[in-house]
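Subject: Structure handover

Hello,

Please find the structure below, with its sequence. My notes on what was found follow it.

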Amino acid sequence: MVMRDQNACERGTRGIQIGDDRRGFAGVDHDQLLVIRKAPDDIVCECGNLDDSHSFNPKTNARPSIVTRTERNPFHPWDRWFDGPVGQALLNLEQGWIDSQVQDTFGYEAFQIGPTRLDALRNNRILNRRRISLFAPKAADSAVEDQPEIVCSPTSLPIESESTDLLVLAHALEVCQDPHALVREADRILIPEGRLVVVGLNPMSLWSLHRPVASVRFPAAELQWISTGRLRDWCRLLDLSVEAGAMGMYRPICQTQRGLDRLEWMESAGGRWWPGLGAAYCITAVKRRAGIRLLSARWKKAEQSSVGQVMGRPI
């Protein structure tokens, strides 16, 4: 479904491309090529002003979400960086972390947010596994097979409250202007005992010294890094209980594979002598909710039983 405002006819109608027949998200835009999927679960209506934009789910009354196409997707340079020595080492490390954390998680709904090269749900056995993108795909990305099924704002995910069993945020907090709002949304959509897996970059590491380097060689340098202590505080304020954590990549950034191999000894030494200074971390949190059971008064039952014993006593 495509919905435009009244001024859309004056600007002219843009090209429309129909995607494959699967569950997805229908996006609306005035300036670029539209990528629309057949039979979408969610529909975005974009009116004249950004404040009038809204989205809704035809099946459930999910929270509204604003989708914009003006922002550049910061994950695009990561695809090329993952082909390098440091990016490949980081990708293998984080992929192993996530695979071990999601393999024993069961349920009905699982979502992931992160770079396309990082398949966070490949080792999970939940049937409905979907990818969320915080940035709408461009017209050049329409030929890519791994397209996101939901495009939304990080401050308002169009997902019903307490309906998700697993959510993986792979470097999603770094690309958000308000990362705390995304954590709150994660707590909202997770069911009790649902799992949240967060992968990020540590600002207290050797990699932070490379942040002034050109972003072409190190694209993550221009992002906002969230420390593990700050993330744990956010989880403590919500209903999320941190269950497990890991940290790695103690070596500095090297431009060649030979230099990276020479510093391999720093991985074992860093895990022993400076464990909190790793460049990458993985934190798994579980949504806990204390159950309350109302206990009725038992004095009436006790009084009735005592009266029965007195009356039945032989004289």
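F75 and W78 are both buried in this predicted model. Their ring centres lie 5.7 Å apart with the planes at 85 degrees, so this pair is edge-to-face; the cut-off for that label is an angle over 60 degrees. It is one of 5 aromatic pairs found in a search of the whole structure.

Another of the aromatic pairs is W81 with W207, also edge-to-face, with 6.2 Å from centre to centre and 75 degrees between the planes. W81 sits in helix α2, residues 76-81, while W207 sits in the loop between β10 (190-201) and α5 (228-237). The two are 126 residues apart, and the pair thus links distant parts of the chain. W81 and W207 are both buried. Taken together, ring pairs link F75, W78, W81, F82 and W207 into a cluster.

Next, the charged side chains. Side chains of opposite charge can pair when their charged atoms come close. The structure has 11 salt bridges.

One of the salt bridges joins R117 and D83, at 3.1 Å from N to O. This pair also links distant parts of the chain, its residues being 34 apart: R117 is in the loop between β6 (109-113) and β7 (128-133), and D83 is in the loop between α2 and α3 (85-102). How accessible is R117? Its relative accessibility is 32%, so R117 counts as partly exposed. D83 has a relative accessible area of 55% and is therefore exposed, the cut-off being over 50%.

R288 takes part in a salt bridge with E193, where the closest N and O atoms are 2.6 Å apart. R288 lies in the loop between β12 (280-287) and α8 (299-311), and E193 lies in strand β10, 95 residues away. R288 is partly exposed at 37% relative accessibility, and E193 is partly exposed with a relative accessible area of 49%.

R288 also forms a salt bridge with E243, with 3.7 Å between the closest N and O atoms. E243 belongs to strand β11, residues 240-248, and is 45 residues from R288, so this is again a link between distant parts of the chain. E243 has 43% relative accessibility and counts as partly exposed. Which residues do salt bridges with shared partners join into one network? They are E193, R195, E243 and R288.

Regards

Terms used: Residues numbered from 1 in each chain as written. Predicted model: local features only at pLDDT ≥ 70, side-chain atom pairs only at ≥ 80, totals over all residues. Heavy atoms only, no water. Phe/Tyr/Trp six-rings, centres within 6.5 Å; stacked < 30°, edge-to-face > 60°. Buried < 20%, exposed > 50% of the residue type's maximum accessible area, 1.4 Å probe, protein only. Helix = DSSP H or I, 4+ residues; strand = E, 2+ residues; numbered from the N terminus. Salt bridge = Lys/Arg side-chain N within 4 Å of Asp/Glu carboxyl O.
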